[in-house]
Amino acid sequence: MLIRKPTDLRYSDVTPHKEYLNRRGFLSAAGIAAAGAVGFGGTQEQAQAISAKLPNVGKSSLSLTSDKPTPIEAITSYNNYYEFGTGKDEPAKNAEKFRTNPWTLTVDGEVGKKLTFGYDDLFKIAPLEERIYRMRCVEAWSVIVPWVGFSLSELIKKAEPTAKAKFVAFESYYDTKQMPQGRYSGLQLPYVEGLRMDEAMHPLTILAVGLYGESLPNQDGAPIRLVVPWKYGFKGIKSIVKIRLVGSQPPSTWNISAPNEYGFYSNVNPAIDHPRWSQATERRLGDLFRRKTLPFNGYGDQVASLYAGMDLKKYY
């Protein structure tokens with residue numbers, strides 16, 4: 001009989017196999033199949049789109065939530081990734097053969113040391129930790145995700161930023177051959193995003209290379225993506241290939257596309273409605289009922305000081 005330690009187990013090991021694979025079974029267990037509160041797409045094979053266990057992952061004291069993680073099927077089959085389609089179930093289907101190895105990530109701009117990382121390097125930039133974060137989508141749904149990654153500040157410090165570096169700009173990978181659906185996304189691609197330097201250096205801001213103890217599935221932003229838990233999910237740029245430290249505010253894709261709906265800062269603010277819906281409440285994937293949305297997604301004690309004196313209605 002094989003006895004495995006808890007640290008040897010993956011989330012997919014401890015989730016009942018039938019529930020882990022069976023979409024209909026998961027919805028029934030959540031009590032929402034008949035109500036149609038949330039729909040998840042993807043086949044059974046796509047629900048397993050986790051590639052490899054990540055070794056030597058530590059537990060972080062910065063998780064800041066004791067909430068139970070959202071079931072893995074929801075995280076891997078209900079996604080926003082417009083390069084692979086605008087439907088929530090399309091990325092899991094269309095990103096299945098996306099090639100992430102080899103990969104190149106460059107860091108340059110206002111730095112003392114330009115950096116280039118290959119695929120294997122991404123997992124060695126800094127010690128990997130699991131961070132269980134609340135994540136809030138601007139479309140008023142939310143999830144609890146056990147990300148695996150490291151603080152973005154660890155990477156920035158390696159590049160030795162100069163005094164001129166005030167913002168951090170990000171660019172995602174875009175290839176029309178691998179991502180033909182991107183032509184119909186309505187977005188200007190490649191996807192770009194940005195943070196102010198103090199936001200980027202905050203310890204809660206991470207670059208994620210995995211979730212649920214394993215490397216990122218393609219549809220969740222493999223091989224490396226940004227996670228900023230107090231901001232709306234569209235700030236979490238996926239499949240990053242370029243990071244530049246710059247002196248002025250960089251462009252961001254959704255702000256370019258619809259500036260009246262998506263501001264540069266994009267902090268979770270339940271007091272400010274999206275022009276087409278309220279942000280006061282949210283539905284967590286797997287839940288039937290809505291809950292109140294928390295300012296800064298519940299991370300106000302940690303990050304509100306970054307915006308002291310700012311008009312958060314103007315700088316939304």
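Start by selecting Lys113, which is partly exposed at 39% relative accessibility; here buried means under 20% relative accessible area, exposed over 50%, and partly exposed in between (1.4 Å probe, protein chains only). This is a predicted model, in which local features need pLDDT of at least 70 and side-chain atom pairs count only at pLDDT 80 or more, while totals for chains, interfaces and linings use all residues. Residues are numbered from 1 along each chain as its sequence is written, and side-chain values use heavy atoms, with hydrogens and water left out.

**Salt bridges**

The term stands for a side-chain nitrogen of Lys or Arg within 4 Å of a carboxyl oxygen of Asp or Glu. Helices (H or I, at least four residues) and strands (E, at least two) are DSSP runs, numbered from the N terminus. Glu160 is partly exposed, at 40% relative accessibility.

Next, select Lys235 and Glu193, which form a salt bridge with the closest N and O atoms 2.7 Å apart. Lys235 lies in the loop between β10 (225-227) and β11 (240-246), Glu193 lies in strand β7 (residues 192-196), and the two are 42 residues apart. Are they buried or exposed? Lys235 counts as buried at 1% relative accessibility, and Glu193 counts as buried at 1% as well.

Then go to Lys93 and Asp89, whose side chains meet in a salt bridge at 3.0 Å, N to O. Lys93 is partly exposed, with a relative accessible area of 40%, and Asp89 is partly exposed at 25%. A search of the whole structure gives 14 salt bridges.

**The five-stranded sheet**

Show β3, β2, β11, β6 and β7 in that order: they make an open sheet of five strands with mixed pairing. Two strands pair if DSSP finds at least two bridges between them. β3 and β7 stand at the edges with a single partner strand each, so one side of each has no neighbour in the sheet. On average, neighbouring strands of this sheet are turned by 15° against each other, direction ignored. Zoom in on β6 and β11, which run antiparallel and are joined by six bridges. In this region Phe167 stands opposite Val246 in β11.

**The nonpolar core**

Select Trp147, Leu155 and Ile243, the residues with the most contacts inside the largest nonpolar core, which has 81 residues. Such a core is a set of buried Ala, Val, Leu, Ile, Met, Phe, Trp, Tyr and Cys residues joined through side-chain atoms within 4.5 Å. Strand β5 (residues 141-151) gives the most to this core, with six residues. Not counting residues up to four places away in sequence, Ile243 touches several residues, including Leu105, Val107, Leu155, Val168, Phe170 and Leu207; contact means heavy atoms within 4.5 Å.

**Aromatic rings**

Finish with the rings: a search of the whole structure finds 16 aromatic pairs. Rings of Phe, Tyr and Trp (its six-membered ring) pair if their centres lie within 6.5 Å; planes under 30 degrees apart count as stacked, over 60 as edge-to-face and the rest as tilted. Trp254 and Tyr262 form a tilted pair, 5.0 Å centre to centre with 55° between the planes. Both Trp254 and Tyr262 are buried. The centres of the Phe264 and Tyr265 rings are 5.3 Å apart and their planes are at 90°, so this pair is edge-to-face. Phe264 and Tyr265 are both buried.

Conventions. Axes are lines fitted to C-alpha atoms, for helices over the stretch in contact, and angles run from 0 to 180 degrees between N-to-C directions.
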